[in-house]
Amino acid sequence: MLLVGDAAGLAYPQSGEGIRPAVESALLAAQVIAECDGDYRCENLQSYVDLLEARFGQREPAPGLLDKLPAGFRQAAARLLMRNQWFSRNILTNRWFLHAQDKPLPPRVKVH
Ligand SMILES: Cc1cc2nc3c(=O)[nH]c(=O)nc-3n(C[C@H](O)[C@H](O)[C@H](O)COP(=O)(O)OP(=O)(O)OC[C@H]3O[C@@H](n4cnc5c(N)ncnc54)[C@H](O)[C@@H]3O)c2cc1C
């Protein structure tokens, strides 16, 4: 069984946006299923995990610096940062919400 999208816990943690990871993980799953050519043993499906990690990072990365700061401090810093137009546009919207820095997945699934 291959899990995709929300079932695989892929929504972006900063924004909760999950449509793009749902579509992309489904494309990766389809690619791996097609490459199995009917032989769905675990080792043949393993490349799905590798592709997911390459695209979305490791499932449980160590807590970053931000996670270690007290919640009150983080909220105060967020209030301050979100008043800044450059931060709201470039970091919050483009990077955390839209993930504009991520290139589209290359088309790899062959349709017979
Ligand atoms: C209020 C809200 C707003 C959101 N806004 C955004 C947004 O603006 N941008 C964004 O990127 N993400 C947003 N998200 C997150 C996004 O909706 C999800 O991350 C995304 O839809 C996940 O897609 P999915 O295919 O994994 O799951 P889903 O879209 O949840 O699809 C799962 C499907 O499986 C069906 N299902 C469940 N159980 C069974 C069963 N037993 N048998 C058959 N079918 C079943 C469900 O009915 C559903 O249709 C939002 C989420 C919510 C709740």
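The residues around the ligand are Val-4, Gly-5, Asp-6, Ala-7, Ala-11, Glu-17, Gly-18, Ile-19, Arg-20 and Ala-22, each with its C-beta atom, placed from the backbone, within 6 Å of the molecule. By class, this shell has five nonpolar, two polar and three charged residues (Ala, Val, Leu, Ile, Met, Phe, Trp, Tyr, Cys and Pro count as nonpolar, Asp, Glu, Lys and Arg as charged, and the others, Gly among them, as polar). The model is predicted: local features need pLDDT of at least 70, side-chain atom pairs count only at pLDDT 80 or more, and totals for chains, interfaces and linings use all residues. Residues are numbered from 1 along each chain as its sequence is written.

Helices are DSSP runs (H or I, at least four residues), numbered from the N terminus. The axes of H1 (residues 19-36) and H2 (residues 42-56) come within 9 Å and cross at roughly 150°; axes are lines fitted to C-alpha atoms over the stretch in contact, and angles run from 0 to 180 degrees between N-to-C directions. H1 and H2 are therefore roughly antiparallel (angles over 145 degrees).

H2 has 15 residues and spans 21 Å between its first and last C-alpha, close to the 21 Å expected, where the expected span is 1.5 Å times one less than the number of residues. Gly-57 follows H2 with a positive phi, near 90°.

His-99 follows H5, its phi positive and near 50°.

How values were computed: Helices (H or I, at least four residues) and strands (E, at least two) are DSSP runs, numbered from the N terminus. Angles under 35 degrees count as roughly parallel, over 145 as roughly antiparallel, 65 to 115 as roughly perpendicular and the rest as oblique.
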